[in-house]
Structures are given as structure tokens and as C-alpha cells.
Amino acid sequence: MIKRAESDVEIQKTFLVMNQLRPFLTPDTYVARIRDLMSTQGFRLAFLESDGGVQAVAGYRIQDMLYCGKFLSIDDLVTNEASRSMGFGAQVLDWLVEEARQEGCTQIELLSSTAREGAHRFYFRNGFTIDAFHFRWKL
């Protein structure tokens, strides 16, 4: 079952899986950080629960930009390491596609570190293409 994490308890139960993607996060500040992103940035958190635990987590938001219109931006998409290649990530991605459609989005976008080759194979298998460079200037 996939649902949006709305209560503090639901948010906290996503920590162990999200931490596999974002190891700098700490359990004592996680809920507050997610709540801050939700209240100030429109961040949303969804999770798939199966076999008594969280198997996959997605952090995302709905955005609107001049170059493409309204779109769903995936900040985080991670499947529990012990449950990879069991279809949980694809289920969450399908859920996000439906969420984007319901929100009137024209596309889904995400950024992925160049080192995450396994994730890239997953994205390509699921219909994503590369159509831009992401430039960064660290201050």
C-alpha cells in the first residue's frame, strides 16, 4: 500500500529507508526537517509499506516553471536495500505518475547523481530520458 506520510509517526517510520539515500540525516531531526520542507516548500512524502515495514520512499513536490509548465519533481526515490529488484520502486513510480496526472502536471523530473548508475538503469527502464545538464556553483 502506498500513501502520503502526513503524521509525525508516518514521517518517522520512513527514516530508515530514506537514510539509505541520505545518510547525513539524523533520526532526532528528521521529522522536523520534513515538516519544515512541507510547510515552506510544498514538499510531500510518500511511502510503500509491505510485509510489516516501509519498503520504498519518495520525496517530491509540484512545481511550475516557465520552460515546461507544471511538473512533479522527485527529490528522493529510494527502495530499502533489502528489498531492491522486487518491484517496490516501480510501484512508487507508477503512483507518482498518477499523482502527477491528478495534479495536472505535464511531466515528471528528477535529478540523480552521476555516480548512481543502478538508479539510472531503473529510470531508463521506466521511460525517463536525459534532456538537460544540471549545473551547480557551490558557494
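Me: Why is valine 97 called partly exposed?

Reply: The model is a predicted one, in which local features need pLDDT of at least 70 and side-chain atom pairs count only at pLDDT 80 or more, while totals for chains, interfaces and linings use all residues. Residues are numbered from 1 along each chain as its sequence is written, and side-chain values use heavy atoms, with hydrogens and water left out. Buried means under 20% relative accessible area, exposed means over 50%, and partly exposed is in between (1.4 Å probe, protein chains only). Valine 97 has a relative accessible area of 26%, so this residue is partly exposed. Valine 97 lies in helix 4, helices being DSSP runs of H or I with at least four residues and strands runs of E with at least two, numbered from the N terminus.

Me: What makes the pair of tyrosine 60 and tryptophan 95 edge-to-face?

Reply: Rings of Phe, Tyr and Trp (its six-membered ring) pair if their centres lie within 6.5 Å, and planes under 30 degrees apart count as stacked, over 60 as edge-to-face and the rest as tilted. This rule gives 6 aromatic pairs. For tyrosine 60 and tryptophan 95 the centres are 6.1 Å apart and the planes stand at 75 degrees, so the pair is edge-to-face. The two residues are 35 apart and link distant parts of the chain, with tyrosine 60 in strand 3 (residues 53–65) and tryptophan 95 in helix 4 (residues 88–102).

Me: Is tyrosine 60 buried or exposed, and what is the relative accessible area of tryptophan 95?

Reply: Tyrosine 60 has a relative accessible area of 0% and is therefore buried, whereas tryptophan 95, at 21%, is partly exposed.

Me: Why does arginine 44 count as buried, and what does arginine 44 touch?

Reply: Its relative accessibility is 16%, so arginine 44 counts as buried; the residue is found in strand 2. Contact means heavy atoms within 4.5 Å, and, leaving aside residues up to four places away in sequence, arginine 44 touches Arg4, Ala58, Gly59, Tyr60, Ile62, Glu99 and Glu103. Its side chain is also joined to that of glutamate 103 by a polar contact of 3.0 Å.

A polar contact is a pair of N or O atoms within 3.5 Å; within protein, one must be able to donate a hydrogen and the other to accept it, and residues adjacent in sequence count only if both atoms are side-chain atoms.

Me: What puts the buried residues of helix 3 on the same side?

Reply: The buried residues of helix 3 are Tyr30, Val31, Ile34 and Leu37. They cover an arc of only 130 degrees around the axis, which puts them on the same side of helix 3; the arc is that of the directions from the helix axis to the C-beta atoms. The face turned away from this buried side carries the exposed residues Asp28, Ala32 and Ser39. Covering the buried residues are, among others, helix 1 (8–13), helix 2 (15–21) and strand 2.
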